[in-house]
Amino acid sequence: MPLLTIAGLPGPPLNVPVGTTVLAAIHAAGHDWWHACGAKGRCTTCRVRVLSGAELLAPLTEPELRYRAAGRLHETERLACQARVRSEKSGVD
C-alpha cells in the first residue's frame with residue numbers, strides 16, 4: 001500500500017489505498033484533520049504538504065488548480081479532500 005508522509009501529521013507515514021483521498025486516509029488512521037467545507041474542495045482548510053510520496057498522487061483537481069491560480073494553494077500543497085493516490089509506483093496510473 002502506498003505510503004505518504006504528511007507535514008504535521010503525527011506518527012509513521014500514512015498508508016493510503018489506491019483511489020482513496022488523503023483526507024479519508026488521515027481519518028481512517030484515527031487522526032483529526034480540519035475540513036470546513038465537508039470535503040467538497042470549496043475551501044483550503046484541509047490543505048496538506050506531502051513530504052514524501054507526492055509522486056503517487058493523481059494530478060491536481062479543478063478546485064486545486066483554481067486555488068493555486070488564486071495564490072491560495074502553494075506549489076508544495078494539496079487539498080487533502082481532493083488529492084487521491086493513483087498508484088503504488090511513480091508514474092503509473
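Ala39 sits in the loop between α1 (22–28) and β3 (47–52). Helices (H or I, at least four residues) and strands (E, at least two) are DSSP runs, numbered from the N terminus. The model is predicted: local features need pLDDT of at least 70, side-chain atom pairs count only at pLDDT 80 or more, and totals for chains, interfaces and linings use all residues. Numbering starts from 1 along each chain as its sequence is written, and side-chain values use heavy atoms, with hydrogens and water left out.

The phi of Ala39 is near 65°, a positive value in a residue other than glycine. Most residues other than glycine have a negative phi. Ala39 counts as partly exposed because its relative accessibility is 34%; buried means under 20% relative accessible area, exposed over 50%, and partly exposed in between (1.4 Å probe, protein chains only).

Now the chain around that loop. It holds two helices and four strands. Their order along the sequence is β-β-α-β-α-β. Of the 93 residues, 39% are buried. The C-alpha atoms fill a box of roughly 35 × 30 × 20 Å, taken along the principal axes.

Contacts next. Contact means heavy atoms within 4.5 Å. Among contacts with a separation of 6 or more, 58% join residues 24 or more positions apart.

Last, the surface. The chain exposes about 5,200 Å², with 53% of it supplied by carbon and sulfur atoms. Accessible areas come from the Shrake-Rupley method with a 1.4 Å probe; for residues, only the protein chains shown count as cover.
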